[in-house]
Amino acid sequence: MSQRILVWDIPTRVFHWTLALSFAGAYLTAETERYRDLHLALGYLMLGLIGFRLIWGVVGSRYARFSSFTFRPSEIVAYLKSLLRRHPKHYLGHNPAGAVAIFLLLGLGMVSAISGVLLYLEVGGEMFEDLHEGAANLMLAVVVIHIAGVVVSSLLHRENLVRAMVTGYKSGDPKQGITRTFSWLGVIMAAIIAAFLAFYQPSGSGTSGERGTQSMHHED
Ligand code: HEM
């Protein structure tokens with residue numbers, strides 16, 4: 001019997017949409033000097049969010065745990081084959097192909113953010129500049145694939161996955177749903193994110209503010 005059941009807890013949803021917005025914002029502000037502070041703030045935010053997700057992937061609710069979406073290569077291949085036959089197996093949490101994109105996004109997010117910090121601190125020079133740009137561009141490509149995957153899965157399963165990532169609900173067997181939303185943690189996360197964005201001051205601002213500026217745009 002299929003019913004409306006809770007799959008995504010609130011921290012996972014807050015994480016997802018804040019990560020998506022910070023990546024979009026950081027990408028769009030990458031080239032202009034004018035938005036450098038915002039670019040840095042969004043980069044730190046991404047780092048903090050992914051750091052949180054790594055912990056939540058171990059201690060979070062059922063479908064947020066990495067163990068619920070770590071698949072063997074054979075399962076990933078079988079899923080992709082079933083996708084080509086247009087009869088993919090249904091998963092209540094992340095499906096094997098989606099899971100690969102998720103791990104790639106988390107990894108590339110870490111690499112772009114950490115290389116950005118090192119670039120700002122002028123450690124390693126050109127090397128981190130190339131890594132920073134390369135990881136961010138690769139991440140954009142994976143984001144495009146991720147969004148396409150979400151659309152395709154939603155159509156094939158006649159299930160609105162975007163709405164599920166907003167409301168937390170899907171339809172399924174009531175015994176499979178999670179019972180806690182962890183809304184208190186979502187509120188704490190939202191408060192920390194808002195406070196960080198409101199009070200963030202780049203460490204290199206003021207008289208020494210040229211440091212990061214030069215290192216990020218030394219080709220100009
Ligand atoms: C309009 C843009 C986006 C939409 C509509 C979207 C939609 C979704 C949906 C529906 C899921 C759940 C997939 C499932 O049911 O298995 C998901 C998961 C995920 N998405 Fe997106 N996404 C978007 C942008 C992004 C961006 C820009 C990033 C990264 C920069 C991202 C990273 C992730 C991650 C890491 C997860 C796993 C969530 C978790 O378990 O914590 N998404 N996305």
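Q: Which residues of α2 are buried?
A: Welcome to this predicted model! A residue counts as buried if 20 or more other C-beta atoms lie within 10 Å of its own. In α2 the residues that pass are Arg-36, His-39, Leu-40, Ala-41, Leu-42, Gly-43, Leu-45, Met-46, Leu-49, Arg-53 and Trp-56.

Q: How far does helix α2 reach from its first C-alpha to its last?
A: Helix α2 covers residues 36-59, which is 24 residues. At 1.5 Å a residue, 34 Å is expected. The model comes close to that, with a reach of 35 Å.

Q: What is the order of the elements of the protein chain from the N terminus on?
A: Let's step back to the whole chain. It has eight helices and two strands. Read from the N terminus, the order is β-α-α-α-α-α-α-β-α-α.

Q: What share of the residues of the protein chain count as buried?
A: The C-alpha atoms fill a box of roughly 65 × 40 × 25 Å along the principal axes. The chain has 220 residues, and the share of them that count as buried is 23%.

Q: Are α1 and α7 roughly parallel or roughly antiparallel to each other?
A: Helices α1 and α7 (residues 183-199) pack with their axes 7 Å apart, at an angle of about 30°. Angles under 35 degrees count as roughly parallel. Therefore α1 and α7 are roughly parallel.

Q: How do the residues of the contact of α1 with α7 divide into nonpolar, polar and charged?
A: From α1 come Ile-10, Pro-11, Val-14 and Thr-18. From α7 come Ser-183, Leu-185, Gly-186, Met-189, Ala-190 and Ile-193. They divide into seven nonpolar, three polar and no charged.

Q: Which residues of α4 make the contact with α3?
A: On the α3 side are Glu-75, Ile-76, Tyr-79, Leu-80 and Leu-83. Of the residues in this contact, seven are nonpolar and one is charged. On the α4 side are Pro-96, Ala-97 and Val-100.

Q: Which helix supplies the largest share of the shell around the ligand?
A: The shell divides into 14 nonpolar residues, six polar and one charged. Ala-20, Phe-23, His-94, Leu-161 and Met-165 come nearest to the ligand. At least two shell residues come from each of α1, α4, α5 and α6. The largest share, six residues, comes from α1.

Notes:
Residues numbered from 1 in each chain as written. Predicted model: local features only at pLDDT ≥ 70, side-chain atom pairs only at ≥ 80, totals over all residues. Contact = placed C-beta atoms within 7 Å. Helix = DSSP H or I, 4+ residues; strand = E, 2+ residues; numbered from the N terminus. Nonpolar A, V, L, I, M, F, W, Y, C, P; charged D, E, K, R; others polar. Near = placed C-beta within 6 Å. Buried ≥ 20, exposed ≤ 12 C-beta atoms within 10 Å, placed from the backbone. Expected span 1.5 Å × (residues − 1). Axes fitted to C-alpha atoms, helices over the stretch in contact; angles between N-to-C directions. Parallel < 35°, antiparallel > 145°, perpendicular 65-115°, else oblique.
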